Amino acid sequence: MGLETLALVGLALSAAGTGAEMYSSAREGEKMNKAAEDEFARQRGYQKEATKTFQGSLAQATPAVQAQQQNIGQQKIQENVAKTQAVARNVIPTSMDSGPSELVQKEATAAGAAQGAQLGRYQGMDEYSLRQWINNLRAQQQLQVITNLARGSEGTLPFVLNQARQSQEGTRALGQGLGALGSIVGTYGATRPKAATVPTYNLSGIVPYNANLGV
Amino acid sequence: MGTPSSNSGDIAQAQERDRQNLIKGGLSQINAIFGGGTYGVNPAAGFARRNMGQLYDPSGNLISTATSANDPEFATWLKTHPGVTEAATTRSGLGNALYHMGGVGAPGSQAVGAFGGLNPFNPFGFGEDRKTLTPNDIRALYGKWLGREGELFTGTATSPGFGDNFYKQRTQDYINYAMPQLADQARQAQKNLTFRLADQGLTQSGAADTLNTSLLNEINRQAAGVASTGVQQAQDLQKQIEQQRSNLISQLETSADPGSATSQALSTAAGFSAPSVYQPIGSLFSNWANTYLASQVPTTNPSLFPYLYGLGSTRSGGSILPSNTTQP
C-alpha cells in the first residue's frame, strides 16, 4: 500500500469515526429530547388534572352553592327542632283543670316554630362552613397527591436521560475508535520516512541527477 | 451496552409506575371505605400462581383474563421490569408471550437468564429459569404484576361509608337518647307547677297561663337545644372523620403502602361507626324552676310569709328572691 493510500485510508477512517460520533450524538440528542418531551407531556397531564381539581373546588365555593348549603343546614335544624319540640310538648297534658290551655299550647307551638327557624338560620351557617371545610380539605389533599405523583415522575427524568445518553455510548466509542485509528494511520502515512523518494545510487556509476558530487 | 445502569431509566420509571399505582389503588380503597362502596381485599401478591380464582381491582371490580391479555402496560412491564429484562428483551420471548396472550406467532421457551432462576422476583417462580408460557402462566404473571402494585385482590368487601344517612342517623341517635330524659324532666316540672298552682288556688288564673307559657317556652328551648346538640355532634363527627381520612391519605402518600393505610382506614371507620358515649343531659329545668316556681311561691302563698302577715316566723325574706338573682 502506498503512503498516499495510507493517508487516504487514515482520512477515511477519521471521517467515518467523526460520522459515527455525529450519528451517535444525533441519536442521543433525539432520545434525550424524546424522553424530555414524554416527561413534559406527563407533567402537562398532571397539571391538567390539578387544574380540573382546582376548578371543581372553586365551583363548590360560589355564593349559589353557599346559599344551597346554608339552606340544607337550616332545614336540618328546623326539622329536628320541630320533631323534638313536638315530642316534648306532647308530655304536657292539656286540660281545663290542670296544665296549659289549648290557646297557651298553640301560642307556645308557634313560638317554638319561630325559635326553630331562627336557630336554623343561625346554625345553618355551620353546615355551610363544614361543607366548605370538607371541600377545601379534599381539594387540597387531591392537589397534594397530584403534586406527589408529578414530582415522582419528574424524578425519573435524570435516569431516563442518563439511559438515553448511555444508549449511544457503543456507537460513539466505535466512532472514537475509528477516528483514532484513522488519525494513527494518517499520521503514520504522513510521517513515515519517504523510502520511495530517497535517492538511489546506481552502482554502474551513473550519477544521479540530483547528486552533487562536487566534481 | 449491557451494563447494569444501561436501563436505569426504565427501572426508575417502572418503580415510579408501581409507586403511583400503589397510591392510586390505596386511594380507591380509602375512598371506598369512607365514602361507601366495594373495594378489593386480600392482596394477591404471592398468591398461588395456578389457582388464582377470581381477581379484583382496588375498587372491587372483577378482572377477567381477557383484561390481562389486552393490558398494554403489562406487555411493557414484561419488557422493562428488572426481574424479566432478559426474557423480555428476547424477541422470541415476547413473541411467545404474545402467542399465548392473543394467538400471535409461535410458542417457545422463555429464558430468564443465568441467575434468573435464583431471583426471588423471578415471575416464573423461584428456582425456575425456563418455562413455556401457558395461558395460566400469563394470567399468573399478570396477577403477580398487579399484586405487586397493590392493584389485585382475591376478594371484595363493602363499606357502608359515612354518607348523609350515617350523620342523619347519628343526629337521630342523640335525639333518641336525650329526648326521653327531657320528656321526663318536662313532665316533672309541669307536675310541680300544677301542684304549686293548685296549692295556691291559682289553677284557673292569668298567673297559671303565664307560668304554663313560660314552662312550654322553656320546654321548646330545651328541645331545640337537644336538636341543635344532635346536629352539632353529627357535624363534629363528620369533621373528625374527614380529618382522619385526610391523615390516612397523607400516610399513604408517604409510605405508598395501601395495605397499612387500608387496615387503618378500616379500624378507624369501625371506631367511628361504634356508638358514642353520651353524657347525661343534666337538669334542664332547674333554672326555670328556680326562676319561676321559687319566686312565685312566696308571693302567692301568705302562709310562707308570716312576717308580712303578722304570723311570726323564722324564715328570712331572702327566699323570695330567685336563686339566680344577685343579692347584696
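How many of the 328 residues of chain B count as buried? The share is 44%, where buried means under 20% relative accessible area, exposed over 50%, and partly exposed in between (1.4 Å probe, protein chains only). The model is predicted, so local features need pLDDT of at least 70 and side-chain atom pairs count only at pLDDT 80 or more, while totals for chains, interfaces and linings use all residues. Residues are numbered from 1 along each chain as its sequence is written, chains are lettered from A and ligands numbered from 1 in the order in which they are written, and side-chain values use heavy atoms, with hydrogens and water left out.

Chain B contains ten helices and six strands. Helices (H or I, at least four residues) and strands (E, at least two) are DSSP runs, numbered from the N terminus. A contact means heavy atoms within 4.5 Å.

Chain B meets chain A through 54 residues of chain B and 52 residues of chain A. Between them the two chains bury about 4,400 Å². Buried area is the accessible area (1.4 Å probe) that two parts lose on being put together, summed over both. Carbon and sulfur atoms carry 57% of it. On the chain B side, Leu216(B), Asn220(B) and Glu253(B) lose the most area to chain A. Together they make up 14% of what that side buries.

Salt bridges come next. Side chains of opposite charge can pair when their charged atoms come close. A salt bridge is a side-chain nitrogen of Lys or Arg within 4 Å of a carboxyl oxygen of Asp or Glu. The whole structure holds nine salt bridges over all chains. One salt bridge is counted between chain B and chain A. It pairs Arg138(A) with Glu242(B), at 2.5 Å from N to O. Glu242(B) lies in helix α8 (residues 206-255) of chain B and Arg138(A) in helix α3 (residues 102-155) of chain A, so the pair joins two chains. Glu242(B) is buried, at 5% relative accessibility. Arg138(A) is partly exposed, at 41%.

Glu242(B) also forms a salt bridge with Arg245(B), with the closest N and O atoms 3.7 Å apart. Both residues lie in helix α8 of chain B, three residues apart, about one turn of the helix. Arg245(B) is buried, with a relative accessible area of 12%. In helix α7 (residues 164-199) of chain B, Asp184(B) and Arg187(B) are likewise three residues apart, about one helical turn. Their side chains meet in a salt bridge of 3.0 Å, N to O. Asp184(B) is partly exposed at 46%, and Arg187(B) is partly exposed at 35%.

Lys76(A), Glu127(A) and Arg131(A) are linked in a network of salt bridges.
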